[in-house]
Amino acid sequence: MAGKNTRRWRTQRARASGHARINMVAGDQYVLAPSRGPEPQASVALPAAPTQLFGRHAQLQQVLTLLDPAEQRSSAITVTAVSGLAGVGKTALALYAAHEAVARGWFTGGVLFVPLAGAEQDGAVGADQALGAVLRALGVRDDDLPPTFDEQAALYRCELARRAERGERLLVVADDAAGVAQVRHLVPGSPLHRLLVTSRRSLISPTFPARLIDLAELAPDQAADFMAHALAQAREHDLRPGSERAALAEVAAHCGHLPLALHIAAALLISDPGLPVATLAADLSDMRTRLAVLSCETGGGHSLAVRPAFDLSYSLLRPDQRLAFRLFSVNPGPDLATEGFAALAGVTERDARDVLSALTRAGLMREQPIGSGRWRMHDLIRLYADELSTAQAGTDGREDALDRLLTHYLSATRSASDHLGVPCGEEGAPGSSEKTAHLAWFVDERFNLVSSTRLAAETGRAGLAVALALGLVRFLVEHGYFDDALAAGHHAVAAARKFDDRNLEMTAWGTLGEILQHARRFGAAVDAYKNCLALARELADRHHQTRALLGLGNALRGKGRYTKAVEAFGQGLALSRETEQRHLEAATLCDLGAALRSLRRFDEAIEACEQSIEVFRDLGDRGGEGSALVVLGGALTEVRQFGRAVDVGREAVAIARALGRRSSEAAALASTSWALCEERRFAEAVDACRQSLSVFRDLGDRHREGLALMELAIALQGTRRFDEAIEALRECVDLHGELEDMEAQADALLNLGSALTRAKRYEEAIAVSRRGLVIQAERGDRHREGSALYNLSLLYRVTRRYGEAMSACQRSAAIFRELGDRRSESRVLVNQAVVLLRTRRFMEAVDVRRQAALLSRELGDVDARSRAANRLLAMEERVKDRSRRPLR
């Protein structure tokens, strides 16, 4: 009976193993010699580990902690499953950890390595083959192998239990498992032993209690170090790792920091020691051929390449998963939300998540971060998917899928933009949580939306391109994403021009002008608005003519061409009134007031602002009313109506707060602070400026942050906190320098010079003021140039450099006289008289002081006139006194 059973077992064994033999080659390592039969065989020798492991310190420590024999409780985790996409370094990590564990003496019962070839559709090692091989490696004789799989699994558990009783710990490393079924029966029953598995798939099953460790690609620096180490290890005197570090980083980036691709790229460089790294980087820069470049010959007709590794993973997918994998690459951005993929694939969101989760378990993408509902492919996997999708575009319905995706993006963009554009407190306004959700959506989808605008333009979908750009503008410019906004605007213009759609082109130019203006590229904005205006006139579109003139006026104002700006506003105002476009009329009046103020035509500016406020109130537009109040407050401060200016500013602040418009609130606070300073209410001014500064920083509005810093510094000087003021102004100068806003930087330098002067740091003040003067002269801003010269004249006078002081006074007075700014001219003449007095040119000093007094009388400045009269009398008495002195 026993003999019959033995013969039956041998027959079963022959069919299962193909007459393989086990040879012991070391005390704890075994090799299963392959048979000549058709079925693949398992081997149980532990291969060599990599000499160095880059970028995996945290994961290595995690694996070693799980393998540590110190943890032997019944609840100890005995199975560790390392997963990730093909070529990410799963096997390298497992082998490194296994060798380290052996070196620490943790597994006295042996370490077995079982390559399962799970990614090979037709060549994967079966679960029965793997289990049989492990049993043989554990010393079970062929004659003692049970005939059935379940019996072998029972024998495996018994063998591990027997070793546990002897205190012999065993580690089984199962590499490249296709799924849980392949390794389920290798799970040890004793907490003393460990099973370490690698797989491209996430090994998840109720019957497989594993700790999951997911591997991603390396960090950029680690990837570059990986390649540098490979080159140095191959050739000790290879200079390229040191001399072409930047090119190595570029190659690593083109490899997506994927270890397999990095290995191949390093092999290409090692095989050709004279090949510059930059040349390989250039070869890899073309996405169309990148996968083909990442291939190298390894000898004997074999090669190592990225594409075959991806082919294996792709071949294991179901047909519906393959289609989803291919269609995912249609999205032009770096990642895709579940709802976006649902629109793209034409399925429900629930079905979309199911198929994306399946692709994640297959190691072909990942949800990042987990639970976010946003999915991302590795760059090389994405190229691979795009190749497949392009080849099967007709079958997959790729163009229809793209239409669905772009339409989804446009609809969602319009909805989010509309919700963000309705201020809190107005009828139909969303709640704060809803606005936050829409803002978060824009942040998440920003790259996708800008890329979709480009793709729509490139693929002949001009209407979609322009509509997407229009929908994006508000969000992008209000949150400082000017480069993205400019890209979207240029794509829209290119699309409209390419397909010769004049209406779309007109709209696109207007949109681009608005973006350029917000980006403070005023020259380019002027050109864009002129193009929009020309097309609007050609098409007899009076609405767009009015809008273009409004935009053109503001762009000209940004360039400091205030007279031209007033002309454009005047044309736009007349047109808006003719066509009864009252909103545009009110907006034009408000901006006209700002331009008139810059020309120091303050009475006209006040009148324009008051008319604007009246129209906005008639329309019930509280936001527009608040904006006009801010401009009016500034003009009132210029004409020294400080109390009214403060009241107007506070009204603007209240409106902005009621509407939930933080940016408008901050602008109103900053404007009000100036009037508060003039009323010598410096503590209130400092508080207003700090509130304004905090808001602009929260919003990321760096330009207005700089302006708030300047207002804060002025207020701080009023409290004699000069060091704080100087620090704020230096920060302001640097900020505007980074933004390349020369006008604002020059203003900051002017104020910094004043602060340094009041702190008695005269030489620093002179250097800073000279720098500001040069910028103003280069910009052609005559009024600011005159102010800079006046500040310098004061500094020269204090430092007794009277010749330079006189020259600065004369130049400054001439500029203000030319501009018709009598008040500023009077102020300069007063300083000039003091300089003349200090140089004992008494009669000239009296004449100049008399001119200043006359100007004060013309301006109706009673206080200034009385002060001038008193000073003039004192000066005349002083001159008479000196003339009575006898000559010596």
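A: A salt bridge is taken here as a side-chain nitrogen of Lys or Arg within 4 Å of a carboxyl oxygen of Asp or Glu. This is a predicted model, in which local features need pLDDT of at least 70 and side-chain atom pairs count only at pLDDT 80 or more, while totals for chains, interfaces and linings use all residues. Residues are numbered from 1 along each chain as its sequence is written, and side-chain values use heavy atoms, with hydrogens and water left out.

Across the whole structure, the search finds 59 salt bridges. One of them joins Glu-159 to Arg-162, with the closest N and O atoms 2.3 Å apart. Both residues belong to helix H5, which covers residues 149–165, and they are three residues apart, about one turn of the helix; helices here are DSSP runs of H or I with at least four residues, numbered from the N terminus. Relative accessible area is computed with a 1.4 Å probe and protein chains only, and a residue is called buried under 20%, exposed over 50% and partly exposed in between. Glu-159 is therefore buried, at 8%, whereas Arg-162, at 37%, is partly exposed.

A second salt bridge links the side chains of Arg-461 and Glu-399, at 2.9 Å from N to O. Arg-461 is placed in the loop between helix H20 (432–458) and helix H21 (462–478), and Glu-399 in helix H19 (residues 398–421), so this pair ties together parts that are 62 residues apart in sequence. Arg-461 has a relative accessible area of 12% and is buried, while Glu-399, at 46%, counts as partly exposed.

Glu-724 and Arg-690 also form a salt bridge, and their closest N and O atoms are 3.6 Å apart. Because Glu-724 lies in helix H34 (residues 722–738) and Arg-690 in helix H32 (residues 682–699), the pair ties together parts that are 34 residues apart in sequence. Glu-724 is partly exposed, with a relative accessible area of 34%, and Arg-690 is likewise partly exposed, at 38%.

Returning to the pair in helix H5, salt bridges that share partners join Glu-159, Arg-162, Arg-163, Arg-166 and Glu-168 into one network. As a general point, side chains of opposite charge can pair when their charged atoms come close.

Methods: Helix = DSSP H or I, 4+ residues; strand = E, 2+ residues; numbered from the N terminus.
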